[in-house]
Amino acid sequence: MSYLGSHLSSARGYLAMGRTALAMGADTFAFFLRNPRGGAARAVAPEDILALRALLEEHRFGPLVAHAPYTLNPCGKDPRVLAFARSALAEDLARMELMPGQLYNLHPGSHVGQGPDAGVRGVAATLDAVLHEPMRTTVLLETMSGKGSEVGGTFEELRAVIDRTALGDRLGVCLDTCHVWDAGYDIAGDLDGVLEAFDRALGLSRLRAVHLNDSQYPRGSHKDRHALLGRGCIGPDALLAVACHPRLRHLPFILETPTDDAGHAAEIQWLRERMPV
Ligand code: FE
Ligand code: FE
Ligand code: ZN
C-alpha cells in the first residue's frame, strides 16, 4: 500500500507534525527544516525528534519527505546564492541524520542564463560539496516543469546530474505529477509510457517519492501551477491511476495542492476510499 500525506508546518515542533499527520489520516508527511523562503534553520530539541521517531515507528509511517527551501538554487551564478545553497543543505542534511532513513527532496535549481549544461555541472558540484559517507538520508532530485531556466525538466537532465555527482548512486528522484505534466509528459494519456521513459533514463528503482498534484494548465505549459486533486487538467482518474499503479504503490505520496490541513485530510480520505487496500 502507498503512504499518503501532505506538507506540514514545523513551527510547533517535530512531534506536533507527527500528531497532526495522524489526525489527518496520513502516514507520511513533508516538511521544511527552515522557513521555505530561506533563512536560518528553526531550533529543534533532540528529544522532540526522538519523540517523533517513536511515533513514526509505532504507527508504521512510510518515509518522510523533507524539502529544501524553495529559494535555494544549487546551480546559481552569484557566489552568495551558491554559498547559501551549500551551507543550508549541509545544515539540513546534518539534522536529517537525527532521523535516519528519511528522504530529503531538492529542486535542481535554475541555471539563470548559464545554459543547461552549466546548470547540470553546477548542481553536481553543489551535491559533491554536501553529500558524504556514511549518510543515512536519501537525497532526491525533483522532476521540474521546465519553467524559465529550470534544470530537471526532463528525465535525461536529472540523469546527467546523477552521472556527474561523485555519490550519484546514492541519489533518488521525486516525481511531481504537476511538474512532469507541465514539462510535457502525458501521465494522463500514457502513464505506462511515461514510466517506461523514466525507467530508461533513470531506472524506476531511483523513484522514491511522488508529489501528487493536479495542474491548472494543459500538458507542456511549463507553468508549475498546482491544482486540487481532480480539479485541474490532469484529472481525478489519471491521478488515481498514479496512486494505484502497481509499480508505484509502495512509495510515499505527498499532496502539494493549494489547500490547508483540513483540505489535505479530505483529499487523503478521497484517495483512501478509492485505492485498493
Ligand atoms: Fe518541490
Ligand atoms: Fe513538488
Ligand atoms: Zn510545483
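Reply: First, the term. Donors are N, O and S atoms within 2.8 Å of the metal (3.2 Å for Na, K and Ca); water is not among the atoms, so sites may look incomplete. This is a predicted model: local features need pLDDT of at least 70, side-chain atom pairs count only at pLDDT 80 or more, and totals for chains, interfaces and linings use all residues. Side-chain values use heavy atoms, without hydrogens and water, residues are numbered from 1 along each chain as its sequence is written, and chains are lettered from A and ligands numbered from 1 in the order written.

Me: OK. Which are the protein donors of the iron ion (ligand 2)?
Reply: Glu-142 (OE), Asp-176 (OD), His-211 (ND1) and Glu-256 (OE). They lie 2.0 to 2.2 Å from the iron ion (ligand 2).

Me: What is the arrangement of the 4 donor atoms?
Reply: Irregular, because the angles they subtend run from 82 to 172 degrees. Four donors count as tetrahedral if all angles lie between 85 and 135 degrees; four count as square planar and six as octahedral if opposite donors are over 155 degrees apart and all others between 65 and 115; anything else is irregular.

Me: And the spacing along the chain?
Reply: E-x33-D-x34-H-x44-E for the iron ion (ligand 2). His-211 sits in strand E7 (residues 207–212) and Glu-256 in the loop between strand E10 (252–255) and helix H9 (261–274), so this pair ties together parts 45 residues apart in sequence. Helices (H or I, at least four residues) and strands (E, at least two) are DSSP runs, numbered from the N terminus.

Me: Is His-211 buried or exposed?
Reply: Buried, at 0% relative accessibility. Glu-256 is buried too, at 12%. Buried means under 20% relative accessible area, exposed over 50%, partly exposed in between (1.4 Å probe, protein chains only).

Me: Now the iron ion (ligand 1). What coordinates it?
Reply: His-67 (NE2), His-107 (NE2) and Glu-142 (OE), at 2.1 to 2.3 Å. Glu-142 bridges the iron ion (ligand 1) and the iron ion (ligand 2), which lie 3.2 Å apart. Glu-142 is buried, at 1%.

Me: Switching to zinc. Which residues are the protein donors of the zinc ion (ligand 3)?
Reply: His-179 (NE2), Asp-224 (OD) and His-226 (NE2), 2.0 to 2.3 Å away. Their spacing is H-x44-D-x1-H.

Me: How far apart are the zinc ion (ligand 3) and the iron ion (ligand 1)?
Reply: 5.5 Å. On burial, His-179 counts as buried at 2% relative accessibility, and Asp-224 does at 17%.
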